[in-house]
Amino acid sequence: MSQILKNKISLSGLSKEEIAQFITEELKWEKFRIEQIHSWIYAKSSGDFNTWSDLSADKREVLAEKFSIPLIQTKERQISQKDKTEKYLFSLPDDQLVESVLMRFKDRDSLTACISSQVGCAVGCPFCATGKLGFKRNLMASEIVDQVMAMQRISGEKIHNLVFMGQGEPLNNLDNIIKSIQIFRESVGIGVRHITVSTSGIVPKIIELGETKIQINLAISLHSAKQELREKLVPVARRWNLFDLMQALKVYFDQTGRRITFEYTMLKDINDTNEDARALCDLVRDLPFPCLINLIPYNSTDSEFQCSDRSRIQHFKSIVERSGRKATVRVTLGSDISGACGQLANKNS
Ligand code: SAH
Ligand code: SF4
């Protein structure tokens with residue numbers, strides 16, 4: 001029971017097994033209460049114990065004394081005029097802030113949520129607004145799950161896909177990420193194949209994640225196939241170079257059988273030349289595992305970087321595809337509410 005804050009346990013951080021254990025062993029209630037309570041937390045998503053109508057007032061009081069649901073508070077919800085993307089600002093029990101984004105892609109009916117894994121981030125990529133916040137703390141599994149529960153409750157819509165692409169480096173908080181994925185799968189009804197974890201490349205944690213054999217999608221923030229440049233753009237590359245990273249991905253693939261996505265943010269005159277594209281080709285051509293390259297148009301933050309021109313991105317893509325690997329260009333959503341990749345900086349509007 002590590003999901004404790006302000007002396008209350010957050011129910012939305014508990015797996016079904018933990019709920020069962022608590023109900024039957026600690027409270028010594030009847031077994032059928034497990035399903036009832038599980039359903040109030042995750043299916044009905046009610047954060048108010050008073051609405052839990054199939055439990056007596058006494059029982060509700062016992063629960064309210066020990067538990068809270070959810071612990072995060074919604075401070076702000078902004079909706080994009082352009083594409084109906086929704087950005088949420090949540091405050092945590094210790095008054096820290098995190099952001100999450102709800103995205104609607106034109107070619108899909110299903111909703112995708114982009115969620116945060118940490119308050120701030122220690123990695124410090126110079127083109128990312130979260131990196132500028134510095135690292136504050138890891139989110140608990142309950143706080144990760146609560147972002148999704150809160151967005152479902154407020155929007156009134158079911159979320160089908162999740163991307164760990166909000167604030168933070170997910171693999172620096174791996175235990176809580178794994179725990180939250182278990183809850184998403186088991187209790188919220190979001191399958192692991194609908195979950196993507198994006199990492200800057202924390203090599204030992206990639207191996208550890210592979211050992212779990214969880215069938216999520218793994219995305220790697222590559223941003224350059226040239227070691228020297230990558231060290232500037234993704235500072236963890238100084239610790240784990242491209243060779244280490246590719247070896248770890250091979251081990252990961254052998255364990256999971258999952259294709260890897262490489263993310264490549266397009267920065268004008270920094271990493272977008274023909275030579276950069278050829279270096280990327282050379283890197284991915286002979287990799288011993290399947291991969292896809294996802295080019296991300298840079299979203300402006302307060303930094304000196306600029307986004308490559310559209311025609312440059314298209315040309316870069318055509319060169320990369322000569323490697324025989326597929327390349328796509330990510331659709332930008334929510335830029336008018338600073339909700340696009342790399343723009344999450346906890347600023348109230
Ligand atoms: N911390 C994770 C997830 C970050 S968001 C990671 O770094 O992988 C998902 C992607 O957006 C990452 O590849 C990240 O490097 C990229 N990104 C960060 N800032 C960006 C910006 N301003 N414009 C476009 N992409 C950005
Ligand atoms: Fe952290 Fe990812 Fe931003 Fe880099 S891009 S600073 S790893 S959140």
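A residue is near a molecule if one of its heavy atoms lies within 4 Å of it. Hold on to that for the two ligands here.

Quick ground rules. This is a predicted model, where local features need pLDDT of at least 70, side-chain atom pairs count only at pLDDT 80 or more, and totals for chains, interfaces and linings use all residues. Residues are numbered from 1 along each chain as its sequence is written, chains are lettered from A and ligands numbered from 1 in the order written, and side-chain values use heavy atoms, without hydrogens and water.

Ligand 1 next. Around ligand 1 there are 18 residues. Gly168, Ser198, Ser221, His223 and Asn299 are the closest. Now polar contacts, meaning pairs of N or O atoms within 3.5 Å. Thr265 has a side-chain N or O atom 3.1 Å from a nitrogen atom of ligand 1. Glu263 puts a polar side-chain atom 3.4 Å from an oxygen atom of ligand 1. Cys341 uses a backbone N or O atom, 3.4 Å from a nitrogen atom of ligand 1.

On to ligand 2. Which residues are around ligand 2? They are Cys121, Val123, Gly124, Cys125, Cys128, Gly131, Gly168 and Ser200. How does that shell divide? Into 4 nonpolar, 4 polar and no charged residues. Gly counts as polar here, Cys and Val as nonpolar.

Definitions and conventions. Polar contact = N/O pair within 3.5 Å; in protein donor to acceptor, adjacent residues only side chain to side chain.
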